[in-house]
Amino acid sequence: MTLTELRYIVAVARERHFGRAAEACFVSQPTLSVAIKKLEEELDVKIFERGANEVTMTPLGEDIVRQAQSVIEQASAIKDIAKRGKDPLDGPLRLGIIYTIGPYLLPELVKHCIELYPRMPLMLQENFTTKLLDMLRTGELDCAIMAEPFPDAGLAVAPLYDEPFVVAVPASHALAKRERISAEELKAETMLLLGNGHCFRDHVLEVCPEFARFSTDAEGIRKSFEGSSLETIKHMVASGMGVTVVPALSVPAQVPDHLRYIPFEAPAPTRRVVLAWRRTFTRYEAVAALRNAVYACKLDRVTLLS
């Protein structure tokens, strides 16, 4: 049994597909399949059930994969302990970040990390919250910047800032000249939403629950009301397709002529952005340094939390 084989079975469990798991591990599918078959023969158990379209774990396989994740994490900790003995701020930090935060926080954050911690480059992974949680659990990431709430995965969590939401409307819209707007007033509007998988979509539906009907596949036209990114949705708003709700940091310093951003009436809906990491991660000084770099950023529209 090798660490490589354990990494392979964790990858297959995560991807539910041998081909995608092989790509994630940077090996060919035959190499991965042979290694897993060898491990199953050595243990004399079946870890995976191979279906036509999806790979599932056997009940015993779930226990084996869970233990494999723990072993991989502990093996990684040995390297971290060695690095920590030298300098915890010397070496890459693997940071995950969700799609609706990355484009707006990373430009300043990376700049400050370069200035403050030049020997700690950031290895960045932008993804959905659920994917980042999986990568944290398996040790593929050291820490992640996400928005609460998310499933309790036994992680250590430190708050970074509270971020209010604002409404984006076309410049020609009847609401464009308003100084404040209520969630109630949005009921009569066509709301443009992010697609499934984005936690910010759920945040918007909490503010405007009547638009939850867009989350169904019942009416095909409504799929066109979904966008793959906040920036794509802003272009749809500018073209007059509807209105949307965005996080405050996504509002540019210079607002284009064809868009208007309007704050909500108090109390404005907000989201809490946090930094999460495994409790067993040994380079805590690196996590603290990353928090300091966030606090060094010019984040005018949010409330920083200590």
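1. A search of the whole structure turns up 2 cavities of 30 Å³ or more. A cavity is a set of points, on a 1 Å grid over the protein atoms alone, where a 1.4 Å probe fits but cannot get out; lining residues have an atom within 4 Å of a point. A volume is the space filled by probe spheres set on the points, which are joined across faces, edges and corners.

2. This is a predicted model: local features need pLDDT of at least 70, side-chain atom pairs count only at pLDDT 80 or more, and totals for chains, interfaces and linings use all residues. Residues are numbered from 1 along each chain as its sequence is written, and side-chain values use heavy atoms, without hydrogens and water.

3. The largest cavity has a volume of about 50 Å³. Its lining includes Ile98, Tyr99, His198 and Cys199. That lining has 5 nonpolar, 5 polar and no charged residues. Here Ala, Val, Leu, Ile, Met, Phe, Trp, Tyr, Cys and Pro count as nonpolar, Asp, Glu, Lys and Arg as charged, and the others, Gly among them, as polar.

4. The second largest cavity holds about 40 Å³. Among its lining residues are Leu192, Phe200, Ile233 and Thr244. By class, 8 are nonpolar, 1 is polar and none is charged.

5. Now the pockets. A pocket is an open set of points with protein on both sides within 12 Å along at least five of seven lines. Of its 31 lining residues, Arg7, Arg94, Gly139, Glu140 and Leu141 are closest to the centre. The lining has 15 nonpolar, 5 polar and 11 charged residues.
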